[in-house]
Amino acid sequence: MVEAQTWTTRRMSNPRLDSTATADHEVLDIPVTPTADVRNSIYNVGSHLSPNLLTALIIASWFMSNIGVLILNKYLLSFYGYRYPIFLTMLHMISCACYSYAAINFLEIVPRQHILSRKQFLKIFALSVIFCFSVVCGNTSLRYIPVSFNQAIGATTPFFTAIFAFLITCKKESGEVYFALLPVVFGIVLASNSEPLFNLFGFLVCIGSTAGRALKSVVQGILLTSEAEKLHSMNLLLYMAPMAAMILLPFTLYIEGNVARITLEKARSDSFIVFLLLGNATVAYLVNLANFLVTKHTSALTLQVLGNAKAALAAFVSVMIFRNPVTVMGMTGFAVTVMGVVLYSEAKKRSKFQLTTH
(Lines give C-alpha, C1' and ligand atoms only; values in the text may rest on other atoms or scores of the structure.)
Protein backbone atom coordinates (compact mmCIF):
# COMPACT_ATOMS: atom_id res chain seq x y z
CA MET A 1 0.00 0.00 0.00
CA VAL A 2 1.33 3.44 -0.91
CA GLU A 3 0.99 5.89 1.97
CA ALA A 4 -0.54 9.32 1.50
CA GLN A 5 2.05 11.99 0.92
CA THR A 6 2.00 15.64 1.91
CA TRP A 7 3.71 18.64 0.47
CA THR A 8 4.53 21.24 3.06
CA THR A 9 5.35 24.80 2.02
CA ARG A 10 6.25 27.57 4.33
CA ARG A 11 3.95 30.54 4.30
CA MET A 12 5.12 33.36 2.04
CA SER A 13 7.61 31.08 0.29
CA ASN A 14 5.26 31.02 -2.70
CA PRO A 15 3.53 34.29 -3.63
CA ARG A 16 0.58 32.43 -5.15
CA LEU A 17 -0.44 31.09 -1.74
CA ASP A 18 -2.95 33.01 0.33
CA SER A 19 -1.02 35.49 2.42
CA THR A 20 -3.90 35.83 4.89
CA ALA A 21 -3.55 32.26 6.13
CA THR A 22 -2.98 32.04 9.88
CA ALA A 23 -1.24 28.69 9.97
CA ASP A 24 2.55 28.61 9.96
CA HIS A 25 2.48 25.91 7.31
CA GLU A 26 0.06 25.09 4.55
CA VAL A 27 -0.33 21.41 3.81
CA LEU A 28 -1.44 20.27 0.35
CA ASP A 29 -2.71 16.69 0.27
CA ILE A 30 -1.51 14.64 -2.68
CA PRO A 31 -3.89 11.75 -3.49
CA VAL A 32 -2.69 8.23 -2.88
CA THR A 33 -1.16 6.70 -6.00
CA PRO A 34 -3.62 4.01 -7.16
CA THR A 35 -2.41 0.46 -7.43
CA ALA A 36 -2.28 -1.37 -10.76
CA ASP A 37 -5.50 -3.25 -9.97
CA VAL A 38 -7.35 -0.03 -9.30
CA ARG A 39 -6.02 1.61 -12.47
CA ASN A 40 -7.03 -1.36 -14.60
CA SER A 41 -10.56 -1.36 -13.18
CA ILE A 42 -11.22 2.16 -14.43
CA TYR A 43 -11.62 1.05 -18.06
CA ASN A 44 -15.00 0.80 -19.74
CA VAL A 45 -17.28 -2.22 -19.84
CA GLY A 46 -15.72 -3.75 -22.95
CA SER A 47 -12.14 -3.43 -21.71
CA HIS A 48 -11.94 -7.04 -20.52
CA LEU A 49 -12.65 -8.22 -24.06
CA SER A 50 -9.84 -8.66 -26.54
CA PRO A 51 -9.73 -5.88 -29.16
CA ASN A 52 -10.45 -8.31 -31.99
CA LEU A 53 -13.46 -9.82 -30.22
CA LEU A 54 -14.81 -6.38 -29.32
CA THR A 55 -14.47 -5.20 -32.93
CA ALA A 56 -16.16 -8.37 -34.18
CA LEU A 57 -19.09 -7.84 -31.80
CA ILE A 58 -19.44 -4.21 -32.88
CA ILE A 59 -19.42 -5.17 -36.57
CA ALA A 60 -21.99 -7.92 -35.90
CA SER A 61 -24.17 -5.37 -34.08
CA TRP A 62 -23.79 -3.01 -37.02
CA PHE A 63 -25.04 -5.65 -39.46
CA MET A 64 -27.93 -6.63 -37.17
CA SER A 65 -29.12 -3.04 -36.61
CA ASN A 66 -28.80 -1.97 -40.26
CA ILE A 67 -30.55 -5.04 -41.64
CA GLY A 68 -33.00 -5.12 -38.74
CA VAL A 69 -34.34 -1.61 -39.36
CA LEU A 70 -34.84 -2.42 -43.05
CA ILE A 71 -36.73 -5.63 -42.28
CA LEU A 72 -38.87 -3.96 -39.61
CA ASN A 73 -39.70 -1.02 -41.87
CA LYS A 74 -40.66 -3.37 -44.70
CA TYR A 75 -42.79 -5.52 -42.43
CA LEU A 76 -44.59 -2.53 -40.90
CA LEU A 77 -45.22 -0.66 -44.15
CA SER A 78 -45.97 -3.55 -46.52
CA PHE A 79 -47.08 -6.60 -44.56
CA TYR A 80 -48.49 -5.32 -41.27
CA GLY A 81 -50.47 -2.63 -43.04
CA TYR A 82 -49.10 0.40 -41.19
CA ARG A 83 -49.03 2.74 -44.18
CA TYR A 84 -47.66 5.90 -42.57
CA PRO A 85 -44.00 6.29 -43.59
CA ILE A 86 -43.79 9.98 -42.63
CA PHE A 87 -45.10 9.37 -39.11
CA LEU A 88 -42.82 6.35 -38.79
CA THR A 89 -39.84 8.48 -39.79
CA MET A 90 -40.88 11.12 -37.24
CA LEU A 91 -40.89 8.43 -34.54
CA HIS A 92 -37.38 7.49 -35.65
CA MET A 93 -36.26 11.11 -35.24
CA ILE A 94 -37.86 11.46 -31.79
CA SER A 95 -36.19 8.22 -30.74
CA CYS A 96 -32.79 9.41 -32.03
CA ALA A 97 -33.18 12.72 -30.19
CA CYS A 98 -34.04 11.04 -26.85
CA TYR A 99 -31.41 8.31 -27.04
CA SER A 100 -28.75 10.79 -28.23
CA TYR A 101 -29.48 13.10 -25.31
CA ALA A 102 -29.14 10.23 -22.83
CA ALA A 103 -26.02 8.81 -24.50
CA ILE A 104 -24.19 12.15 -24.57
CA ASN A 105 -25.36 13.76 -21.32
CA PHE A 106 -25.55 10.72 -19.04
CA LEU A 107 -23.45 7.95 -20.58
CA GLU A 108 -20.97 10.51 -21.97
CA ILE A 109 -20.02 8.38 -24.99
CA VAL A 110 -18.71 11.58 -26.60
CA PRO A 111 -18.15 15.09 -25.21
CA ARG A 112 -21.13 17.43 -25.55
CA GLN A 113 -20.71 20.11 -28.22
CA HIS A 114 -22.90 23.19 -28.44
CA ILE A 115 -24.25 25.21 -31.34
CA LEU A 116 -22.20 28.38 -31.24
CA SER A 117 -24.02 30.71 -33.61
CA ARG A 118 -27.23 31.34 -35.50
CA LYS A 119 -25.35 30.68 -38.73
CA GLN A 120 -24.30 27.23 -37.53
CA PHE A 121 -27.89 26.53 -36.44
CA LEU A 122 -29.20 27.37 -39.91
CA LYS A 123 -26.60 25.11 -41.51
CA ILE A 124 -27.66 22.19 -39.33
CA PHE A 125 -31.30 22.98 -40.09
CA ALA A 126 -30.56 22.81 -43.82
CA LEU A 127 -28.94 19.41 -43.35
CA SER A 128 -32.00 18.30 -41.36
CA VAL A 129 -34.28 19.15 -44.29
CA ILE A 130 -32.19 17.03 -46.67
CA PHE A 131 -31.98 14.29 -44.05
CA CYS A 132 -35.79 14.24 -43.70
CA PHE A 133 -36.28 14.03 -47.45
CA SER A 134 -33.85 11.14 -47.79
CA VAL A 135 -35.20 9.05 -44.91
CA VAL A 136 -38.87 9.60 -45.75
CA CYS A 137 -38.29 8.66 -49.38
CA GLY A 138 -36.36 5.57 -48.32
CA ASN A 139 -39.11 4.41 -45.96
CA THR A 140 -41.83 5.20 -48.50
CA SER A 141 -40.08 3.15 -51.16
CA LEU A 142 -40.28 0.07 -48.93
CA ARG A 143 -44.05 0.14 -49.30
CA TYR A 144 -43.78 -0.44 -53.03
CA ILE A 145 -40.55 -2.30 -53.81
CA PRO A 146 -38.68 -5.23 -52.20
CA VAL A 147 -35.78 -4.65 -49.82
CA SER A 148 -33.45 -6.35 -52.30
CA PHE A 149 -34.31 -3.85 -55.04
CA ASN A 150 -34.18 -0.99 -52.53
CA GLN A 151 -30.63 -1.97 -51.59
CA ALA A 152 -29.58 -2.31 -55.23
CA ILE A 153 -30.71 1.27 -55.87
CA GLY A 154 -29.08 2.47 -52.63
CA ALA A 155 -25.74 1.09 -53.82
CA THR A 156 -25.65 3.80 -56.49
CA THR A 157 -24.97 6.51 -53.87
CA PRO A 158 -21.38 7.11 -55.13
CA PHE A 159 -22.78 7.96 -58.57
CA PHE A 160 -24.98 10.72 -57.16
CA THR A 161 -22.21 11.89 -54.83
CA ALA A 162 -19.90 12.41 -57.80
CA ILE A 163 -22.62 14.31 -59.68
CA PHE A 164 -23.46 16.64 -56.77
CA ALA A 165 -19.78 17.22 -55.97
CA PHE A 166 -19.25 18.34 -59.56
CA LEU A 167 -22.41 20.49 -59.78
CA ILE A 168 -22.05 22.17 -56.39
CA THR A 169 -18.30 22.39 -55.83
CA CYS A 170 -17.07 21.91 -59.42
CA LYS A 171 -14.90 19.11 -58.09
CA LYS A 172 -13.63 16.92 -60.88
CA GLU A 173 -12.52 13.35 -60.39
CA SER A 174 -10.01 11.42 -62.47
CA GLY A 175 -11.12 9.55 -65.58
CA GLU A 176 -10.58 6.25 -63.74
CA VAL A 177 -13.08 7.28 -61.05
CA TYR A 178 -15.76 8.24 -63.56
CA PHE A 179 -15.12 5.08 -65.55
CA ALA A 180 -15.69 3.00 -62.40
CA LEU A 181 -19.18 4.52 -62.09
CA LEU A 182 -20.30 2.98 -65.40
CA PRO A 183 -20.94 -0.51 -63.96
CA VAL A 184 -22.81 1.13 -61.05
CA VAL A 185 -25.31 2.63 -63.48
CA PHE A 186 -25.36 -0.36 -65.82
CA GLY A 187 -26.03 -2.75 -62.95
CA ILE A 188 -29.04 -0.84 -61.65
CA VAL A 189 -30.49 -0.57 -65.17
CA LEU A 190 -30.10 -4.32 -65.52
CA ALA A 191 -31.69 -4.97 -62.12
CA SER A 192 -34.60 -2.59 -62.84
CA ASN A 193 -35.47 -4.16 -66.17
CA SER A 194 -35.58 -7.64 -64.63
CA GLU A 195 -37.25 -6.81 -61.27
CA PRO A 196 -40.50 -8.88 -61.03
CA LEU A 197 -42.06 -6.50 -58.48
CA PHE A 198 -40.97 -3.27 -60.16
CA ASN A 199 -43.04 -0.23 -59.18
CA LEU A 200 -42.31 3.09 -60.86
CA PHE A 201 -43.29 5.26 -57.89
CA GLY A 202 -41.30 3.12 -55.47
CA PHE A 203 -38.33 3.23 -57.83
CA LEU A 204 -38.47 7.02 -58.14
CA VAL A 205 -38.75 7.72 -54.41
CA CYS A 206 -35.90 5.30 -53.74
CA ILE A 207 -33.80 7.18 -56.30
CA GLY A 208 -34.78 10.36 -54.45
CA SER A 209 -33.68 8.83 -51.15
CA THR A 210 -30.32 7.78 -52.61
CA ALA A 211 -29.76 11.20 -54.19
CA GLY A 212 -30.73 12.90 -50.93
CA ARG A 213 -28.22 10.82 -48.99
CA ALA A 214 -25.49 11.78 -51.45
CA LEU A 215 -26.52 15.45 -51.39
CA LYS A 216 -26.38 15.51 -47.58
CA SER A 217 -22.81 14.20 -47.56
CA VAL A 218 -21.69 16.82 -50.08
CA VAL A 219 -23.53 19.71 -48.40
CA GLN A 220 -22.29 18.66 -44.97
CA GLY A 221 -18.72 18.79 -46.26
CA ILE A 222 -19.35 22.33 -47.49
CA LEU A 223 -21.32 23.80 -44.58
CA LEU A 224 -19.46 22.37 -41.61
CA THR A 225 -15.90 22.94 -42.78
CA SER A 226 -14.41 25.22 -40.14
CA GLU A 227 -12.98 23.58 -37.02
CA ALA A 228 -15.26 25.70 -34.82
CA GLU A 229 -18.40 24.48 -36.60
CA LYS A 230 -17.49 20.82 -37.03
CA LEU A 231 -19.64 18.55 -34.91
CA HIS A 232 -19.07 14.96 -33.93
CA SER A 233 -21.49 12.62 -35.71
CA MET A 234 -23.34 11.83 -32.47
CA ASN A 235 -23.65 15.53 -31.57
CA LEU A 236 -24.83 16.30 -35.08
CA LEU A 237 -27.54 13.64 -34.69
CA LEU A 238 -28.50 15.16 -31.32
CA TYR A 239 -29.32 18.47 -33.01
CA MET A 240 -30.59 17.20 -36.36
CA ALA A 241 -33.06 14.65 -34.99
CA PRO A 242 -35.38 17.07 -33.10
CA MET A 243 -35.23 19.53 -36.00
CA ALA A 244 -36.20 16.75 -38.38
CA ALA A 245 -39.08 15.69 -36.14
CA MET A 246 -40.44 19.26 -36.10
CA ILE A 247 -40.11 19.48 -39.88
CA LEU A 248 -42.00 16.21 -40.38
CA LEU A 249 -44.85 17.00 -37.96
CA PRO A 250 -46.90 19.29 -40.27
CA PHE A 251 -46.34 16.94 -43.22
CA THR A 252 -47.58 13.88 -41.39
CA LEU A 253 -50.64 15.78 -40.13
CA TYR A 254 -51.46 17.12 -43.59
CA ILE A 255 -50.66 14.05 -45.69
CA GLU A 256 -51.38 11.15 -43.35
CA GLY A 257 -54.31 12.63 -41.43
CA ASN A 258 -54.94 11.91 -37.76
CA VAL A 259 -52.31 9.21 -37.67
CA ALA A 260 -51.77 9.49 -33.91
CA ARG A 261 -55.42 8.66 -33.19
CA ILE A 262 -55.37 5.80 -35.69
CA THR A 263 -52.22 4.40 -34.07
CA LEU A 264 -53.73 4.59 -30.57
CA GLU A 265 -56.90 2.83 -31.73
CA LYS A 266 -54.76 0.18 -33.38
CA ALA A 267 -52.76 -0.25 -30.17
CA ARG A 268 -55.95 -0.89 -28.16
CA SER A 269 -56.95 -3.77 -30.41
CA ASP A 270 -53.44 -5.08 -31.08
CA SER A 271 -50.72 -4.29 -28.54
CA PHE A 272 -48.12 -5.82 -30.86
CA ILE A 273 -48.04 -2.55 -32.81
CA VAL A 274 -46.61 -0.82 -29.72
CA PHE A 275 -43.76 -3.33 -29.58
CA LEU A 276 -43.16 -2.97 -33.31
CA LEU A 277 -43.05 0.84 -33.26
CA LEU A 278 -40.90 1.11 -30.13
CA GLY A 279 -38.55 -1.61 -31.33
CA ASN A 280 -38.33 -0.07 -34.79
CA ALA A 281 -37.58 3.39 -33.38
CA THR A 282 -34.93 1.98 -31.03
CA VAL A 283 -33.19 0.06 -33.80
CA ALA A 284 -33.21 3.22 -35.93
CA TYR A 285 -31.07 4.89 -33.26
CA LEU A 286 -28.84 1.84 -32.88
CA VAL A 287 -27.98 2.14 -36.59
CA ASN A 288 -26.43 5.55 -35.92
CA LEU A 289 -24.71 4.37 -32.74
CA ALA A 290 -23.29 1.34 -34.56
CA ASN A 291 -21.99 3.55 -37.38
CA PHE A 292 -20.12 5.63 -34.80
CA LEU A 293 -18.69 2.59 -32.99
CA VAL A 294 -17.53 0.91 -36.20
CA THR A 295 -15.77 4.09 -37.33
CA LYS A 296 -14.21 4.52 -33.87
CA HIS A 297 -12.88 0.97 -33.62
CA THR A 298 -11.95 0.52 -37.29
CA SER A 299 -12.05 3.30 -39.88
CA ALA A 300 -14.37 5.18 -42.23
CA LEU A 301 -13.07 3.01 -45.07
CA THR A 302 -14.10 -0.14 -43.21
CA LEU A 303 -17.57 1.31 -42.77
CA GLN A 304 -17.76 1.90 -46.52
CA VAL A 305 -16.71 -1.69 -47.25
CA LEU A 306 -19.23 -3.01 -44.73
CA GLY A 307 -21.91 -0.94 -46.45
CA ASN A 308 -21.32 -2.84 -49.68
CA ALA A 309 -21.50 -6.17 -47.87
CA LYS A 310 -24.60 -5.06 -45.97
CA ALA A 311 -26.51 -4.32 -49.16
CA ALA A 312 -25.96 -7.86 -50.44
CA LEU A 313 -26.66 -9.49 -47.08
CA ALA A 314 -29.82 -7.42 -46.52
CA ALA A 315 -31.09 -8.40 -49.96
CA PHE A 316 -30.46 -12.10 -49.19
CA VAL A 317 -32.11 -11.95 -45.74
CA SER A 318 -35.16 -10.11 -47.07
CA VAL A 319 -35.66 -12.69 -49.84
CA MET A 320 -35.45 -15.46 -47.24
CA ILE A 321 -37.99 -13.74 -44.96
CA PHE A 322 -40.46 -12.18 -47.38
CA ARG A 323 -40.03 -14.68 -50.23
CA ASN A 324 -40.16 -12.01 -52.90
CA PRO A 325 -39.33 -13.39 -56.36
CA VAL A 326 -35.89 -12.70 -57.82
CA THR A 327 -34.39 -13.39 -61.23
CA VAL A 328 -30.92 -14.37 -62.29
CA MET A 329 -30.69 -11.17 -64.32
CA GLY A 330 -31.75 -9.11 -61.32
CA MET A 331 -29.10 -10.72 -59.10
CA THR A 332 -26.53 -10.17 -61.83
CA GLY A 333 -27.45 -6.49 -62.05
CA PHE A 334 -27.13 -6.14 -58.28
CA ALA A 335 -23.72 -7.86 -58.35
CA VAL A 336 -22.51 -5.58 -61.17
CA THR A 337 -23.61 -2.51 -59.20
CA VAL A 338 -21.79 -3.63 -56.04
CA MET A 339 -18.70 -4.46 -58.12
CA GLY A 340 -18.84 -0.96 -59.59
CA VAL A 341 -19.00 0.56 -56.10
CA VAL A 342 -15.92 -1.44 -55.07
CA LEU A 343 -14.06 -0.31 -58.20
CA TYR A 344 -15.11 3.28 -57.50
CA SER A 345 -13.76 3.08 -53.93
CA GLU A 346 -10.44 1.70 -55.12
CA ALA A 347 -10.18 4.34 -57.85
CA LYS A 348 -10.88 7.08 -55.28
CA LYS A 349 -8.14 5.76 -53.02
CA ARG A 350 -5.61 5.69 -55.85
CA SER A 351 -6.64 9.19 -56.93
CA LYS A 352 -6.16 10.56 -53.41
CA PHE A 353 -2.80 8.81 -53.08
CA GLN A 354 -1.60 10.35 -56.34
CA LEU A 355 -2.66 13.81 -55.17
CA THR A 356 -0.75 13.46 -51.90
CA THR A 357 2.41 12.25 -53.61
CA HIS A 358 2.52 15.09 -56.14
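1. Let me start with Thr263. Skipping neighbours within four places in sequence, Thr263 is in contact with Tyr82, Phe87 and Leu277, contact being heavy atoms within 4.5 Å. Thr263 sits in helix 10 (residues 259–269); helices (H or I, at least four residues) and strands (E, at least two) are DSSP runs, numbered from the N terminus. With a relative accessible area of 11%, Thr263 is buried; buried means under 20% relative accessible area, exposed over 50%, and partly exposed in between (1.4 Å probe, protein chains only). The Thr263 side chain also reaches the backbone oxygen of Val259, at 2.8 Å.

2. A word on what you're looking at. This is a predicted model, where local features need pLDDT of at least 70, side-chain atom pairs count only at pLDDT 80 or more, and totals for chains, interfaces and linings use all residues. Residues are numbered from 1 along each chain as its sequence is written, and side-chain values use heavy atoms, with hydrogens and water left out.

3. Now the overall picture. The chain has 13 helices and two strands. Of its 358 residues, 43% count as buried. Among contacts between residues at least 6 apart in sequence, 82% join residues at least 24 apart. The chain exposes about 20000 Å², and carbon and sulfur atoms supply 68% of that; accessible areas come from the Shrake-Rupley method with a 1.4 Å probe, and for residues only the protein chains shown count as cover.

4. Helix 2 (residues 51–79) passes a simple length check. Its 29 residues should span 42 Å at 1.5 Å a residue, and the end C-alpha atoms are 40 Å apart, which agrees. The expected span is 1.5 Å times one less than the number of residues. Following helix 2 comes Gly81, with a positive phi near 90 degrees.

5. Most residues other than glycine have a negative phi. Glu108 has a phi near 55 degrees and lies in the loop between helix 3 (85–105) and helix 4 (118–141). At 59% relative accessibility, Glu108 counts as exposed. Cys170 has a positive phi of about 60 degrees, and its place is the loop between helix 6 and helix 7. Cys170 is exposed too, with a relative accessible area of 58%.

6. Ile163, Phe166, Leu167, Ile168, Tyr178 and Ile222 make up a nonpolar patch with about 500 Å² of accessible area together. Patches are made of residues with over 30% relative accessible area and no salt bridge; like charges are joined within 9 Å, and nonpolar side chains (Val, Leu, Ile, Met, Phe, Trp, Tyr) within 5 Å. Helix 6 (residues 157–169) gives the most to the patch, with four residues. Leu167 lies in helix 6 and is exposed, with a relative accessible area of 58%.

7. On to charges: the count comes to five salt bridges, each a side-chain nitrogen of Lys or Arg within 4 Å of a carboxyl oxygen of Asp or Glu. Arg350 pairs with Glu176, the closest N and O atoms being 2.4 Å apart. Arg350 lies in helix 13 (residues 328–357) and Glu176 in helix 7, so this pair ties together parts that are 174 residues apart in sequence. Both ends are partly exposed: Arg350 at 40% relative accessibility and Glu176 at 36%.

8. Glu265 and Arg261 meet at 2.9 Å, N to O; both lie in helix 10, four residues apart, about one turn of the helix. Glu346 and Lys349 pair up with their closest N and O atoms 3.1 Å apart, and both lie in helix 13, three residues apart. An α-helix has 3.6 residues a turn, so residues three or four places apart point the same way. Separately, Lys171, Glu173 and Lys348 are linked in a network of salt bridges.

9. Leu190 is found in helix 7 (residues 175–193). Leu190 and Met329 are 139 residues apart in sequence and 7.0 Å apart in space, C-alpha to C-alpha. Not counting residues up to four places away in sequence, Leu190 touches Met329, Thr332 and Gly333.

Technical notes. Polar contact = N/O pair within 3.5 Å; in protein donor to acceptor, adjacent residues only side chain to side chain.
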